[in-house]
Amino acid sequence: MSTDEVTLPLVDLSGYINPQKPGDKERVIAEVRDACAQYGFFQTTGHGIPMSQQKGLLKSIETLFKMPLEEKRKLSFLNNPCRRGYEESGASLRDGDALPDSKEAFYIGREDPVVEHSGFYGPNVWPPLPKEEFHDPIWEYYQATHKLGEIIWEILLLGLGHPISLMEEFAKRPMVVMKMIRYPPQAKDLPGQFGVGPHKDFGGVTVLLQEAGKHGLQVWHEGLEKWLPVKAMEDVYVINCGDMIGKWSGGRYKSAKHQVINAASDEPRLSCATFFHGDLFATNPLDPSDPERETVGALLVKRFRNQFSFDKELIAAVGV
Ligand SMILES: O=C(O)CCC(=O)C(=O)O
Ligand SMILES: [Fe+2]
């Protein structure tokens with residue numbers, strides 16, 4: 001097989017979510033373990049998220065980004081105590097990138113009534129769109145991917161021989177952030193331009209929906225030293241592990257580098273990533289005897305302390 005034909009594994013999750021016969025769950029657990037050990041990424045069917053919810057989400061994202069720029073700017077995540085809301089195109093730049101990312105994004109997270117713990121918990125910002133056009137489909141979808149992220153965490157624990165009872169602590173008040181993204185058509189004359197530049201996700205499990213047919217995501221394969229294109233297929237999710245999982249599993253699961261170049265078409269590309277990190281104060285469920293006792297919150301603070309401010313009490317509480 002030539003390396004051009006290497007594709008990410010495709011795992012049918014229905015054997016875990018809705019097992020029909022003995023051995024179904026174990027097969028899925030082994031497939032997910034092998035995929036995450038080899039690639040840090042896999043694609044999945046049988047995930048239980050109805051097409052109607054996926055379509056509702058994409059339609060709402062389209063409506064959101066069609067709002068005038070001045071209106072979107074009023075919802076800037078930079079002015080929000082919980083870092084929820086709108087991120088303008090060109091706002092994120094990673095070390096060494098030639099040009100800022102072209103994507104624009106909108107973040108939501110847990111819906112808590114008051115701002116707590118330096119804004120890790122608190123209310124979302126919602127755009128001034130009719131509730132049934134934005135809030136309702138988006139919230140329904142958030143909850144569905146929240147559930148799927150939790151299921152993937154369970155499978156990852158089982159894959160390393162740990163009981164899923166560890167999820168009780170880990171998913172008590174979990175940090176689950178959803179990022180809706182629009183990539184403009186790629187500028188043909190800007191070679192350093194990425195939709196999203198090469199990066200690893202910093203946290204836990206990522207549940208990603210790409211608009212069908214709008215390819216653009218590429219995953220770095222260490223062994224082959226090659227970018228593998230990830231097909232954007234209808235009703236197929238992409239799941240990947242972030243650095244928290246790479247570190248906490250002792251490297252048994254990989255956190256792989258990836259990037260987006262929306263070069264396949266002259267049209268915009270929509271996607272949506274839900275990042276399931278875990279309870280702010282929870283420690284490593286992938287190795288419960290890990291002596292470091294590092295918390296989810298400590299990892300989040302370390303990742304974002306250059307960008308956002310966190311108060312001393314929070315820093316002490318999560319143990320940075
Ligand atoms: O849009 C995509 O396909 C991937 C997005 C991504 O990697 C990210 O937001 O971390
Ligand atoms: Fe990513």
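**Labels and cut-offs**

Modeller: L57 is found in helix α3 (residues 51–65). Helices are DSSP runs of H or I with at least four residues, strands are runs of E with at least two, and both are numbered from the N terminus. This is a predicted model, where local features need pLDDT of at least 70, side-chain atom pairs count only at pLDDT 80 or more, and totals for chains, interfaces and linings use all residues. Residues are numbered from 1 along each chain as its sequence is written, chains are lettered from A and ligands numbered from 1 in the order in which they are written, and side-chain values use heavy atoms, with hydrogens and water left out.

Colleague: Why is L57 called buried?

Modeller: Buried means under 20% relative accessible area, exposed means over 50%, and partly exposed is in between (1.4 Å probe, protein chains only). L57 has 0% relative accessibility, so L57 counts as buried.

Colleague: Which residues does L57 contact, leaving aside neighbours within four places in sequence?

Modeller: They are I138, Y141, M178, L209 and C272. Contact means heavy atoms within 4.5 Å.

Colleague: What makes A144 buried?

Modeller: Its relative accessible area is 18%. The limit is under 20%, so the label holds. A144 lies in helix α5 (residues 135–159). Beyond four places in sequence, A144 is in contact with I49 and Q53.

Colleague: How do you know that the side chains of N124 and R84 are joined by a polar contact?

Modeller: A polar contact is a pair of N or O atoms within 3.5 Å; within protein, one must be able to donate a hydrogen and the other to accept it, and residues adjacent in sequence count only if both atoms are side-chain atoms. The N124 and R84 side chains are joined at 2.8 Å. A polar atom of the N124 side chain also lies 2.7 Å from the backbone nitrogen of G109.

Colleague: What makes helix α8 mostly covered?

Modeller: Seven of the nine residues in α8 (residues 296–304) are buried. Among them are V296, L300 and F304. The buried residues of α8 pack against elements including β5 (174–183), β12 (269–279) and α9 (312–318).

Colleague: Which residues are around ligand 1?

Modeller: Among them are K179, Y183, D201, H258, R269 and S271. A residue is near a molecule or strand if one of its heavy atoms lies within 4 Å of it. β5, β11 (258–260) and β12 each supply at least two residues of the shell around ligand 1.

Colleague: Which side chains have a polar atom set against an oxygen atom of ligand 1?

Modeller: D201 does, at 3.2 Å. H258 does, at 3.0 Å. S271 does, at 2.7 Å. Taken alone, ligand 1 exposes 290 Å², and the protein buries 96% of that.

Definitions and conventions:
Areas by Shrake-Rupley, 256 points an atom, 1.4 Å probe, with all protein chains shown as cover.
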